[in-house]
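Subject: Handover of a structure and notes on its contents

Dear colleague,

Please find below the structure that I am handing over to you. My notes on what was found in it follow directly after it.

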Amino acid sequence: MPERNSKSIKHFIAYVEQIEELNNETKNIILDALTMDMYNRLDPENLSNINTEIPTYFFNIVLSNEQLRISEINFEINSWVQFSASEEQSEFRAQVYNDIVFEDNFNLLYIKDIKPFSLEGKQKKIFSMEIFDEAEKNDLFDFINDIEANMVIAYNVGQGNCNGICDETGMPLIYFDFGGGVFQNTKTYPGNYENPIAINFCFTTSPLVILSHWDWDHMASATKIKHAAIKECIWIAPKQEIGITHFKFAMELNKKGNLFIWPNHLLTLRTRNFHIQKLHTSDPKDKNNNGLSMIVRTRSIYNEYFVLLPGDANYSLLDLKEYEYLHGLVATHHGASSHNCLDTIPKASLLHTIAYSYGKNNTHKHPKRLSILEHKKSGWRNKKSTQNGHIALGTDHIIKTIPCGGHHCSLLPKQ
Ligand SMILES: [Zn+2]
Ligand SMILES: [Zn+2]
């Protein structure tokens, strides 16, 4: 927290992490901030000084449309702002947290003089991830080429996404995303009151992590001490414009030699069982639609199935021409219906399952009725929700025992 020196003013730079319409009247804005002083000290030539020790703060602000109008701030998602904050009361009250999970007590601070800020020079290089080298295509190919998938499991992680690409015992060989409920949806994270059963992940096979995009609901579990083993795994992630807390995390992986940045020009990578696509839109700030998505071919003795893991991307950006029907799908964007994400929904095969990955009573009101309706029109009638337990996709056999012998993990599919 900023020093408790009463009424002392501090200057901050912040990345606009989330803007959410609470109702027609108010918006909830989450800022990922660091002090101006710290920001000025960031140096891409001397990255070793950027570590997890840099203090960062999450400002959680609720503003009425009227307040927004008067202040003349046009908050834009994934842009940067600067402001000063102190304990002296003013109109913009912020709850300030130290972490992406809103579990600890917050400090109350009041924001003043908020205005847009544009990144220049060295800092721009840092927060566009340009300081990281892109991985070699061959390395990426080698990581996944030998993996045989028998099923995909959409785990109950609350309001977020985490899918396991598993062997025949249900043991994850790859995690596609490693997220969970955060910020105002911390209550939906496993073990919290909207989702009381805690989760224990399986690290038996030193699974690979493929990250769809840099949003916390897709990677929050990696910040929990309990699941810290995931940082010892290899991460494949897209290059995106990110904020300071994401950057700290990327640096931590990078220092371990575990961060492999997907080359921006590599649109498709195919192996026998996987088809990964790097999506592009004209707006580089749109993380949902500039990330990675994946089609998994799962095989049992008699059959092969195809399961699509779109992350939060619009279906229309995916190249699915060769898949007439899919057997499994994790509905895009937790069942959202915004921004044309439901255009050209892929068709379901007769035997199929669609998983909606969201948390009970989440603030986004996912899944939307429109999403469920539109998916049904494309044949996705067999609908399951992660809030009722982990969901098996792309398989025709039921696993009855917990993977890895039940010593450590709680990843047995329930449905
Ligand atoms: Zn997202
Ligand atoms: Zn998401």
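I begin with strand E9, which spans residues 172-176 and is mostly covered: 5 of its 5 residues are buried. Please bear in mind throughout that this is a predicted model.

Strand E9 has two pairing partners to consider. With strand E8 (residues 163-166), E9 pairs in the antiparallel sense, over 4 bridges. Within this pairing, Ile-165 is placed opposite Ile-174 of E9. E8 and E9 make up a hairpin with 5 residues between them, and Gly-170 in the turn shows a positive phi of about 90°. With strand E10 (residues 208-210), E9 runs parallel, and 3 bridges join the two. Here Phe-176 stands opposite Ile-210 in E10.

The bridge partner of Arg-270 in E14 is His-275.

Next come the nonpolar cores. In soluble globular proteins, nonpolar side chains tend to be buried together. Which residues touch the most other members of the largest nonpolar core? They are Ile-236 and Val-307, in a core of 106 residues. Helix H5 (residues 244-255) gives the most to this core, namely 6 residues. The core draws at least three residues from each of domain 1 (10-127) and domain 2 (137-393). A second, separate core has 10 residues, including Leu-279, Tyr-315, Leu-318 and Ala-336. To return to Val-307, its contacts beyond four places in sequence include Val-152, Val-296, Leu-326 and Leu-393.

His-366 and Pro-367 are joined by a cis peptide bond, with omega about -5°. Pro-367 is located in the loop between strand E18 (348-356) and helix H6 (369-377).

Two residues other than glycine have a positive phi. For Asn-78 the value is near 60°, and this residue lies in the loop between helix H2 (65-71) and strand E4 (80-86). Is Asn-78 buried or exposed? Asn-78 is buried, because 21 other C-beta atoms lie within 10 Å. For Thr-344, phi is about 50°, and its place is in the loop between strand E17 (326-330) and E18. Thr-344 counts as exposed, because it has 12 C-beta neighbours inside 10 Å.

Finally, I draw your attention to Lys-27, which belongs to strand E2 (residues 26-35). Lys-27 is partly exposed, because 17 other C-beta atoms lie within 10 Å. Leaving aside residues up to four places away in sequence, Lys-27 touches Ile-19, Glu-20, Glu-21, Leu-22, Leu-63 and Leu-68. Lys-27 and Thr-363 are 336 residues apart in sequence, whereas their C-alpha atoms are 12 Å apart in space.

Yours sincerely,
A colleague

Methods
Residues are numbered from 1 along each chain as its sequence is written. Chains are lettered from A and ligands numbered from 1 in the order in which they are written. This is a predicted model: local features need pLDDT of at least 70, side-chain atom pairs count only at pLDDT 80 or more; totals for chains, interfaces and linings use all residues. A residue is buried if 20 or more other C-beta atoms lie within 10 Å of its own, exposed if 12 or fewer, and partly exposed in between; C-beta atoms are placed from the backbone. Two residues are in contact if their C-beta atoms, placed from the backbone, lie within 7 Å. Two strands pair if DSSP finds at least two bridges between them. A nonpolar core is a set of buried Ala, Val, Leu, Ile, Met, Phe, Trp, Tyr and Cys residues joined through C-beta atoms within 7 Å. Domain bounds come from an automatic or database domain assignment.
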